[in-house]
Amino acid sequence: MSWLEIVGWAGSALLVWSLLQKQLLRLRVFNLIGSVILVGYNALAHVWPMAGLNVTLAGINIWQLYSILRTRHDERKYAVVEVATDDNFLAHVLRVHWADIARFNPDFRFDDEHRLAFLTLNGDEVVGVLMLRPTDDPAVAQVELDYVTRRYRDLSPGEFVFRRSGQLTAHGFRRVLTPPGMVAPYYARLGFQPSGDRYALELPSD
């Protein structure tokens, strides 16, 4: 097998592998890299229809990446809605994602009604669930569950709950504490500071 064939097979494998990604940003990045590799391969092999196809795919991926990155911090793209903890739709969302929730929040148990619950939405699609409870200090909230669906996990939609929606400060909270022992926490990117075995965020005053 020549080096050119190896490049062609590698590009094809990367293109197929990209379609198996569940996270939107990762899918687009790997698909773009695979398309660019195949543009070069098909051009060198003089297979111009396939080169043209992959140029088109690369252009689509570039546009999609631009759209994703341009709107990932756009308040108009996301909405945060408070729901009751006994809401049937919330229970459905938790059931659908329960196995994935347990991976990142192994100590979470949905067995206490003394919580506040918020859904983060992109259009009509649920992209995140936040559940918390007041501590002995009513100005401090303890996060019980902070979950983002796989498709949106690399876009950090949690910033809209903690920093931009005003939902937490409307309840009188001025500080948020994360649960200890979370797997792969992302809080440092949202402005949280390490505090012992957890993270803490000082909420802005209105």
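1. Phe 110, in this predicted model, is partly exposed at 34% relative accessibility, where buried means under 20% relative accessible area, exposed over 50% and partly exposed in between, for a 1.4 Å probe and protein chains only. Phe 110 is found in the loop between helix 5 and strand 2; helices (H or I, at least four residues) and strands (E, at least two) are DSSP runs numbered from the N terminus. Leaving aside neighbours within four places in sequence, its contacts are Thr 85, Leu 94, Trp 98, Arg 115 and Met 131, a contact being heavy atoms within 4.5 Å.

2. Residues are numbered from 1 along each chain as its sequence is written, and side-chain values use heavy atoms, with hydrogens and water left out.

3. The count of aromatic pairs comes to seven, where rings of Phe, Tyr and Trp (its six-membered ring) pair if their centres lie within 6.5 Å, and planes under 30 degrees apart count as stacked, over 60 as edge-to-face and the rest as tilted. Trp 98 and Phe 108 form a tilted pair, with 5.9 Å from centre to centre and 50° between the planes. Because Trp 98 lies in helix 5 (residues 98–104) and Phe 108 in the loop between helix 5 and strand 2 (116–122), this pair ties together parts that are ten residues apart in sequence. Trp 98 is partly exposed, with a relative accessible area of 36%, whereas Phe 108 counts as buried at 4%. One aromatic cluster is formed by Phe 162, Tyr 187, Phe 192 and Tyr 199.

4. Helix 2 (residues 24–44) has 21 residues that should span 30 Å at 1.5 Å a residue, and its end C-alpha atoms are 31 Å apart, which agrees; the expected span is 1.5 Å times one less than the number of residues. Its buried residues are Leu 25, Leu 27, Asn 31, Leu 32, Gly 34, Ser 35, Leu 38 and Asn 42, and they pack against helix 1 (3–18) and helix 3 (48–71). Ser 35, which lies in helix 2, is buried with a relative accessible area of 0%. Not counting residues up to four places away in sequence, Ser 35 touches Leu 15, Asn 54, Leu 57, Ala 58 and Asn 61.

5. For helix 3, the 24 residues should span 34 Å at 1.5 Å a residue, and the end C-alpha atoms are 35 Å apart, again in agreement. Ala 51, Asn 54, Ala 58, Asn 61, Leu 65, Ser 67, Ile 68 and Thr 71 are buried in this helix, and what covers them includes helix 1, helix 2 and strand 1 (78–83).

6. His 46, in the loop between helix 2 and helix 3, has a positive phi near 60° although it is a residue other than glycine. Most residues other than glycine have a negative phi. His 46 is exposed, with a relative accessible area of 58%. Gln 23, in the loop between helix 1 and helix 2, counts as buried at 17% relative accessibility, and, leaving aside neighbours within four places in sequence, Gln 23 is in contact with Arg 150, Arg 151, Arg 153 and Asp 154.

7. Ala 139 lies in the loop between strand 3 and strand 4 and counts as partly exposed at 24% relative accessibility. Its C-alpha atom is separated by 6.4 Å from that of Arg 175, although the two residues are 36 apart along the chain. Residues up to four places away in sequence not being counted, Ala 139 touches Gly 172, Phe 173, Arg 174 and Arg 175.

8. There is one cavity of 30 Å³ or more, a cavity being a set of points on a 1 Å grid over the protein atoms alone where a 1.4 Å probe fits but cannot get out, with lining residues having an atom within 4 Å of a point. The largest cavity holds about 50 Å³ of space, a volume being the space filled by probe spheres set on the points, which are joined across faces, edges and corners. Strand 3 (125–134), strand 4 (140–148) and helix 6 (159–164) each supply at least two residues of its lining, and the lining residues include Thr 120, Asp 146, Tyr 147 and Phe 162.

Notes
Predicted model: local features only at pLDDT ≥ 70, side-chain atom pairs only at ≥ 80, totals over all residues. 1 Å grid on protein atoms, 1.4 Å probe; cavity = no way out; pocket = protein on both sides within 12 Å on 5 of 7 lines; lining within 4 Å.
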